[in-house]
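Dear colleague,

Please find the structure below, handed over for your use. My notes on it follow directly after.

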Amino acid sequence: MFFTQYWINKPDIVMGLGWSSFLAIAAVLVVLCRVIYALFVSPLRHIPGPFLARLTSKRAGLIGSLGLMTKYSRTRDKANTATSTSDIRAVYGSHKFRKTDFYRGVDMLGIEHMFSTRNPDLADTRRRQFGPYLNTGYLARVEPILAAHGPESLKLKWDKLYGERQGGDKLQQGFPVRHIRYADFPLLNTYPFSMLMRPWERGYDGVTKYAIESAFIDAEDPQSKTRMTERQVQAECLNMLLAGSEAAANTLAWTVHLLMLHPEHYRRAVGEPACSKSMRLHPVSGGLWPRRAPKEGVRLQGYFVPGGTEIFINVTGAHHNPGVWENPLKYDPSRFLDNEEARRNVFTFGAGVRACPGRHLAVLEMMSILANMLKDYDLAVPEDYVRRGPRVLDENGNPKLMEDVQFLVSIPVDPKRDCRLVLTKCTA
Ligand code: HEM
């Protein structure tokens with residue numbers, strides 16, 4: 001009753017100012033209070049970072065949205081994201097740090113799957129269901145299939161191009177970021193906006209049909225004895241298609257790029273070692289992986305982070321951390337020789353309870369493609385390729401890398417310009 005009267009009989013202050021001025025002043029005051037809180041009261045106020053990002057607890061998310069992720073992950077001022085290897089292991093290592101709602105944006109067919117789920121129990125169930133199909137023993141059995149769809153099909157394609165043009169073609173065509181961009185525009189997942197994406201999603205029909213015939217339909221969790229529904233299998237297969245093929249393809253692109261810039265390592269490069277080195281210097285998954293701080297809060301890199309705050313794992317930052325790596329921006333294959341600690345500090349496949357379950361598959365794919373590629377062809381940068389090359393150096397004196405954009409996966413900004421190669425078939 002009091003409230004009704006209060007609002008019907010406008011308060012004096014509103015009478016004096018008018019509604020619009022009153023609301024504008026109220027909005028300014030709210031913003032001012034938030035700024036004062038963020039800069040002088042919030043427990044996060046000591047954490048460094050760009051001014052704008054310091055005004056929000058989603059500071060690293062903002063850096064990402066502003067397209068500054070690469071810049072900030074490579075500067076010294078890394079405290080706005082987790083770059084310390086021990087802290088990363090602690091965050092990744094426990095379900096107490098859950099995936100955030102950011103991952104809702106990559107749900108498939110409107111449902112959660114192993115990668116996107118925010119529910120630790122579902123993630124564990126899927127891990128048990130898929131485990132037998134992604135371990136090294138099973139992969140050894142399906143190696144002929146992997147070979148046919150990996151190195152052999154690439155060779156067929158290249159030989160055809162080679163015959164047609166006698167050398168010189170693009171290594172890769174780009175990357176279907178559109179789907180991943182759902183995460184930026186979650187509204188596109190909801191009706192009626194989801195209808196806009198229908199025609200594009202139909203392109204995946206083949207995969208979803210194939211998915212229900214896949215081995216995963218029989219995948220059973222040995223603990224709960226549960227299996228997946230057809231729709232769940234389809235969502236998982238779509239995710240694996242994206243998570244798996246694009247990440248592996250882009251890792252290979254970066255590996256070849258680095259080998260082209262470092263001819264001294266090119267000839268010695270074979271399969272896995274070459275890939276793992278590029279995965280440190282230029283991790284394709286070098287974006288920021290968000291987790292939520294547990295309700296009791298956590299101390300990270302010397303700062304107290306209150307419960308509920310989004311924590312971003314900064315893989316590139318960790319891989320370039322001068323406290324962990326000597327001369328971090330140098331492509332130096334020898335740093336991994338007999339060095340188990342160095343390998344442990346590479347987080348390209350994540351770590352802990354939500355680590356990439358497809359890593360053995362990815363390594364096998366990349367290893368066999370790269371080894372066969374280097375065996376059958378000589379790769380070289382085209383003569384007109386003047387923007388990059390072993391002698392075009394950056395401010396640190398290292399060969400300048402091609403520019404990339406980072407979202408979930410890092411991709412070259414301009415693959416048509418920067419991912420060109422001259423192929424010469426080895427005759428011997
Ligand atoms: C070079 C190739 C690959 C890279 C760099 C990569 C990287 C990653 C990373 C960093 C994560 C953790 C993400 C996070 O913490 O949120 C992850 C998770 C995942 N990856 Fe991969 N991945 C690759 C290949 C694959 C392949 C081939 C598959 C499928 C067979 C796959 C399936 C998954 C799934 C299902 C998850 C979610 C696991 C969970 O959250 O419990 N990935 N991957």
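**Findings**

Of the contacts in the chain with a separation of 6 or more, 70% are accounted for by residues 24 or more positions apart; two residues are in contact if their C-beta atoms, placed from the backbone, lie within 7 Å. This is a predicted model, in which local features need pLDDT of at least 70 and side-chain atom pairs count only at pLDDT 80 or more, while totals for chains, interfaces and linings use all residues. Residues are numbered from 1 along each chain as its sequence is written.

The chain has 20 helices and ten strands, taken as DSSP runs numbered from the N terminus (helices: H or I, at least four residues; strands: E, at least two). Buried residues make up 30% of its 428 residues. A residue is buried if 20 or more other C-beta atoms lie within 10 Å of its own, exposed if 12 or fewer, and partly exposed in between, with C-beta atoms placed from the backbone.

**Nonpolar cores**

A nonpolar core is a set of buried Ala, Val, Leu, Ile, Met, Phe, Trp, Tyr and Cys residues joined through C-beta atoms within 7 Å. The largest one holds 42 residues, of which Ala 247, Leu 252, Leu 258, Ala 362, Met 366 and Leu 370 touch the most other members. Helices H8 (120-134), H14 (230-261), H16 (271-281) and H19 (359-376) each supply at least two of its residues, and the largest share, 15 residues, comes from H14. Another core, of 17 residues, lies apart from it and includes Ile 88, Val 298, Ile 311 and Ile 313.

**Surroundings of the ligand**

There are 23 residues around the ligand, and Gly 244, Ala 247, Gly 350, Cys 356 and Gly 358 come nearest; a residue is near a molecule or strand if its C-beta atom, placed from the backbone, lies within 6 Å of it. H8, H14 and H19 are the elements that give two or more residues to this shell, and H14 gives the most, with seven. By class, the shell has 15 nonpolar, seven polar and one charged residues. Here Ala, Val, Leu, Ile, Met, Phe, Trp, Tyr, Cys and Pro count as nonpolar, Asp, Glu, Lys and Arg as charged, and the others, Gly among them, as polar.

Cys 356 is listed by UniProt under "binding site" in an unreviewed entry; such annotations may be inferred rather than shown by experiment. Cys 356 sits in the loop between helix H18 (340-344) and H19. Cys 356 counts as partly exposed because 18 other C-beta atoms lie within 10 Å. Not counting residues up to four places away in sequence, Cys 356 touches Phe 349 and Gly 350.

**Sheet and a loop residue**

Three strands form an open, antiparallel sheet in the order S1-S3-S6, where strands pair if DSSP finds at least two bridges between them. S1 (98-99) and S6 (310-314) are the edge strands. S3 (residues 288-292) and S6 pair over five bridges, and Leu 288 has Asn 314 as its bridge partner in S6. Four of the five residues of S6 are buried.

His 46 lies in the loop between helix H3 (19-41) and helix H4 (51-54). His 46 is classed as exposed because it has 11 C-beta neighbours inside 10 Å. The C-alpha atoms of His 46 and Tyr 303 are separated by 7.6 Å, although these residues are 257 residues apart along the chain.

With kind regards
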